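This briefing sets out selected local features of one protein chain, grouped by topic. Please read it alongside the sequence and the coordinates.

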Amino acid sequence: MLHSIIHKQRITKSSISQTLIIAFISFFLHLISSSETKQQPTMKSILRQKISFNVQRSKPVVIFPAKPTPHDIKFLSDIDNQTVLRYYTSGVHFYHAEPSKAYEVDPAHVIKAALAKALVYYYPITGRLKEQPEGKLVLDCTGEGAMFVEAEADVCLEYLGDPLTPPFPFTDQLHFDSMLMGPGVINQPLLYLQVTRFKCGGFTFAHKTCHVIADAHGWAQFLTAIGEFARGADQPNVLPVWDRHLLLARDPPAPAHIHLEYEPMEDATQEDFHILLKPPVPANLVQRSFLFGPKDISVLKEHVKSLESMSYVSRFELITAAVWRSHTIALDYNPDYEIRVLFPVSSRGTMVPPLPTGFYGNAFARAVACSKSGKLCSNPLGYALTLVKEAKEKARASDFLQSLADLTVLRGRPQMMDARTFLVTDVTRAGFQGVDFGWGGGMFGGKALPIATMYTSFRNNDGEEVVVVPMCLPELAMATFKTEMESLIQA
């Protein structure tokens, strides 16, 4: 365009000067544009909007073990018996259509048959929880089975979004409605499954599991066993171990550590209890997922490289420090208020002696870091990181879980204190991503609670592992949180 205009003009010194000026301005603007592009945050975030589609469910059925199983009473550990674990946690797995199977192999039928075989080994899951007079739970292995429902969706998987990462506003469509069976976990099924087929030939496998029976590692071990049977195995690669007596309180109980999750804040009021712990999600809350790739982690490390005490910093510690600090800034707490972040820490590799391979009960403690809000928000990222690392190290002490068991019994299984406490959970290493029923590892597999900040991961198009951090906040707070996170993640 510029060349044709010059060609039509009378070539004079003035026109040449004008042309040079225009070219210089264009080049200068291009440099500015390129510079701004390079300075944009590398972090990606995805706003989750509600989408509408229909799911037609079949009549629920009960799946029993494929062979007769013992009818006995199983005693739970004092870690299992914490009041805070008396609920169902949920997860979902997405699978592409497998061309070799076309539409001839029904994933629901494959999974149902595999489930029945896995329940022979994990027969306690087919029992029901009973409450004893003193309030403690035991497991009656009645063999009453697990609940299973098939469903058909009227859309293709692509309609749900790309990439498929939490939070999932549509999970109610994909999960068995456990409330149909009644409230609570006592005398109720311990496992609810739904397989939903999509028009493209893909499907989802969604589960609701009772937290009293197992933690994330334990349930992932069970789901992996279902996948192994679905692919033709004769028995699970890892045989399940009950052994809940290993995590009973001592007599007399002698807690050796402080467990802040059971210690109240002196200045806390009823209004301070975390708004996001009480579903359903209020209308003014926004759901967004933040994606941390390898480059983002490297940038976060640059913020703390001056800390001489940080010989090693994990990905989880970096993300949690950044998210906790930004979350506190976003909620604009009184600077004199105490603020906490709480996260589970697995004790499977820290206890002495170690828990046996195959143990699938609850085997995690909770790390709690705390700070005055003003101090957390005004200090650099390294301050939050130091607090997170220190809390994590305390929770990894070899006797920390035993101390927790002792404390819960000594205090009569107290309620957890969650005022002004930000809860995060990392299940990227729990084993959910590899659950394979014969359709491969899937597009996504992991926990999917609607309002929880639960870290999961997936592989991007470059084969890099990306950590997904779902966040649920009021609209204005979400905008602040996003700004704070982007200020930390600079190219």
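In this predicted model, the side chains of Thr196 and Gln194 are joined by a polar contact of 2.9 Å. Thr196 belongs to strand E9 and has a relative accessible area of 0%, so it counts as buried. The points below begin with the surroundings of Thr196 and then turn to other parts of the chain.

**Buried strand residues**

- Apart from neighbours within four places in sequence, Thr196 is in contact with Val55, Ala151, Glu152, Ala153, Leu174, Gly202, Phe203 and Thr204.
- Ser90 is placed in strand E5, which covers residues 88–95.
- The relative accessibility of Ser90 is 8%; because the cut-off for buried is under 20%, Ser90 counts as buried.
- With residues up to four places away in sequence left out, Ser90 touches His175, His207, Lys208, Lys447, Ala448 and Leu449.

**Helix H3**

- Helix H3 comprises 15 residues, 107–121, and at 1.5 Å a residue it should span 21 Å. Its end C-alpha atoms are 22 Å apart, which agrees with that expectation.
- An α-helix has 3.6 residues a turn, so residues three or four places apart point the same way.

**Second largest pocket**

- The volume of the second largest pocket is about 650 Å³.
- Its lining is formed by 22 residues, of which Pro163, Phe458, Arg459, Asn460 and Asn461 are the closest to the centre of the pocket.
- Two elements, helix H6 (294–304) and strand E16 (453–459), each give two or more residues to this lining. The most comes from H6, with three residues.
- Sorted by class, the lining of the second largest pocket contains eight nonpolar, six polar and eight charged residues.

**Backbone geometry**

- Most residues other than glycine have a negative phi, and most peptide bonds are trans.
- Which bond is cis, with omega near 0°? It is the peptide bond from Asp251 to Pro252, and Pro252 lies in the loop between H5 and strand E11 (285–292).
- Val352 and Pro353 are likewise joined by a cis peptide bond, with omega about -5°. Pro353 is found in the loop between strand E12 (338–346) and strand E13 (364–372).
- Asp332, a residue other than glycine, has a positive phi near 55°. Its place is the loop between helix H7 (315–331) and E12.
- Is Asp332 buried or exposed? Asp332 is exposed, because its relative accessible area is 65% and the cut-off is over 50%.
- Arg413 is not a glycine, yet its phi is positive, at about 50°. Arg413 lies in the loop between helix H10 (400–410) and strand E14 (421–426).
- The relative accessibility of Arg413 is 17%, so Arg413 counts as buried.

- Although Met416 and Leu260 are 156 residues apart along the chain, their C-alpha atoms are separated by 9.1 Å.
- Beyond its neighbours within four places in sequence, Met416 is in contact with Val84, Glu261, Tyr262, Leu342, Arg366 and Leu423.
- Ile51 lies in the loop between strand E1 (44–47) and strand E2 (55–57). At a relative accessible area of 30%, Ile51 is partly exposed.
- The C-alpha atoms of Ile51 and Leu160 are 7.7 Å apart, while 109 residues separate the two along the chain.
- Leu160 is also among the contacts of Ile51, together with Tyr159 and Phe170, when neighbours within four places in sequence are set aside.

Technical notes:
Residues numbered from 1 in each chain as written. Predicted model: local features only at pLDDT ≥ 70, side-chain atom pairs only at ≥ 80, totals over all residues. Heavy atoms only, no water. Helix = DSSP H or I, 4+ residues; strand = E, 2+ residues; numbered from the N terminus. Expected span 1.5 Å × (residues − 1). 1 Å grid on protein atoms, 1.4 Å probe; cavity = no way out; pocket = protein on both sides within 12 Å on 5 of 7 lines; lining within 4 Å. Points joined across faces, edges and corners; volume = space filled by probe spheres on them. Nonpolar A, V, L, I, M, F, W, Y, C, P; charged D, E, K, R; others polar. Buried < 20%, exposed > 50% of the residue type's maximum accessible area, 1.4 Å probe, protein only. Contact = heavy atoms within 4.5 Å. Polar contact = N/O pair within 3.5 Å; in protein donor to acceptor, adjacent residues only side chain to side chain.
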